[in-house]
Amino acid sequence: ITAFFLNKKTPIQNPTGNLSVEKIVSGDAADTNKDFTFTVALSDKTINGTYGDMEFKDGIATFTLKHKKTKTATGLPVGITYTVTESDNDGYTVESENESGSIIADQTVSVSFTNTKNIIQLPTGNLSVEKIVSGVGADTNKAFTFTVTLSDKTISGTYGDVDFKDGVATFTLKHKETKTATGLPVGITYTVTE
């Protein structure tokens, strides 16, 4: 009589989960080609090596993402906690979701960072110059020459009815005519001579 015993040992598969980090850039002054630096810090400092798209050393991974790009760490131990931080974002308003939390079994935790940068619209004002001619014998058809000098010499181009070059504009007005410079920066000073 032969008694046969077969012993098998199956490795215990500990449950794992994934961590995904996504980058979104928005705004009319945003640079969609800019690299933003991310750091993922895990509570388990013994984690080393490559886990999906991320390479960890002592529980920390550093990488860069551009607009609409994503990196995912796969096979992370369930229950460990994580914190995701972003740098190289000066000038941007940053909003994040799920930037810290725990790894969940058989699920992908999604972290998103949205950076917004818009053109700052500075307040502006207008400057209007009007010509009035009065008196017996006054010539209401005569053109009078005016010079507007602004304190900001960088202003050049057309502002409403007035063309500036290096902060100076010259034009003519007759009786009851008006020219208005629109969209001038608030706070600059002006001088009008005739």
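Q: Why is Asp 88 called partly exposed?
A: This is a predicted model, and in it Asp 88 has a relative accessible area of 42%. Buried needs under 20% and exposed needs over 50%. The value of 42% lies in between, so Asp 88 is partly exposed.

Q: Where is Asp 88, and what is its phi?
A: Asp 88 sits in the loop between E7 and E8. Its phi is positive, about 60°, although Asp 88 is not a glycine. Most residues other than glycine have a negative phi.

Q: How do you know that Asp 58 counts as partly exposed?
A: Its relative accessibility is 43%. Asp 58 is placed in the loop between E4 and E5. Here too phi is positive, at about 55°, and the residue is not a glycine.

Q: What makes Phe 36 and Tyr 92 an edge-to-face pair?
A: A pair of aromatic rings is described by the distance of the centres and the angle of the planes. The centres of Phe 36 and Tyr 92 are 5.4 Å apart, and a pair needs them within 6.5 Å. The planes stand at 85°, and edge-to-face starts over 60 degrees. Both conditions hold, so the pair is edge-to-face. The structure holds 6 aromatic pairs.

Q: Why does the pair of Phe 36 and Tyr 92 tie together parts that are apart in sequence?
A: Phe 36 belongs to strand E2, while Tyr 92 is in the loop between E7 and strand E8 (93-97), so the pair joins parts 56 residues apart in sequence.

Q: Are Phe 36 and Tyr 92 buried or exposed?
A: Phe 36 has a relative accessible area of 0%. Tyr 92 has 12% relative accessibility. Buried means under 20%, so Phe 36 is buried and so is Tyr 92.

Q: What makes Tyr 51 and Phe 56 edge-to-face?
A: Their ring centres lie 5.9 Å apart and their planes are at 85°. Tyr 51 and Phe 56 are buried. Ring pairs also link Phe 38, Phe 63 and Phe 113 into a cluster.

Q: What makes up the largest nonpolar core?
A: This core has 24 residues. Leu 19, Val 21, Val 40, Phe 56 and Leu 76 have the most contacts inside it. Strands giving two or more residues include E1 (16-26), E2 (36-42) and E10 (108-116). E2 gives the largest share, 4 residues. Val 21 touches, among others, Phe 38, Val 40, Phe 63 and Val 111. A second, separate core of 16 residues includes Phe 144, Phe 146, Phe 171 and Leu 173.

Q: How many cavities does the search find, and what lines the largest cavity?
A: The search of the whole structure finds 1 cavity of 30 Å³ or more. The largest cavity has a volume of about 30 Å³. Its lining includes Leu 127, Val 129, Phe 164 and Lys 179. Strands E11 (124-130), E14 (162-164) and E16 (178-185) each give two or more residues to that lining. By class, 7 lining residues are nonpolar, none are polar and 1 is charged.

Methods: Residues are numbered from 1 along each chain as its sequence is written. This is a predicted model: local features need pLDDT of at least 70, side-chain atom pairs count only at pLDDT 80 or more; totals for chains, interfaces and linings use all residues. Side-chain values use heavy atoms; hydrogens and water are left out. On a 1 Å grid over the protein atoms alone, a cavity is a set of points where a 1.4 Å probe fits but cannot get out, and a pocket is an open set with protein on both sides within 12 Å along at least five of seven lines; lining residues have an atom within 4 Å of a point. Grid points are joined across faces, edges and corners, and a volume is the space filled by probe spheres set on the points. Ala, Val, Leu, Ile, Met, Phe, Trp, Tyr, Cys and Pro count as nonpolar, Asp, Glu, Lys and Arg as charged, and the others, Gly among them, as polar. A nonpolar core is a set of buried Ala, Val, Leu, Ile, Met, Phe, Trp, Tyr and Cys residues joined through side-chain atoms within 4.5 Å. Buried means under 20% relative accessible area, exposed over 50%, partly exposed in between (1.4 Å probe, protein chains only). Contact means heavy atoms within 4.5 Å. Rings of Phe, Tyr and Trp (its six-membered ring) pair if their centres lie within 6.5 Å; planes under 30 degrees apart count as stacked, over 60 as edge-to-face and the rest as tilted. Lists of a residue's contacts leave out its neighbours within four places in sequence.
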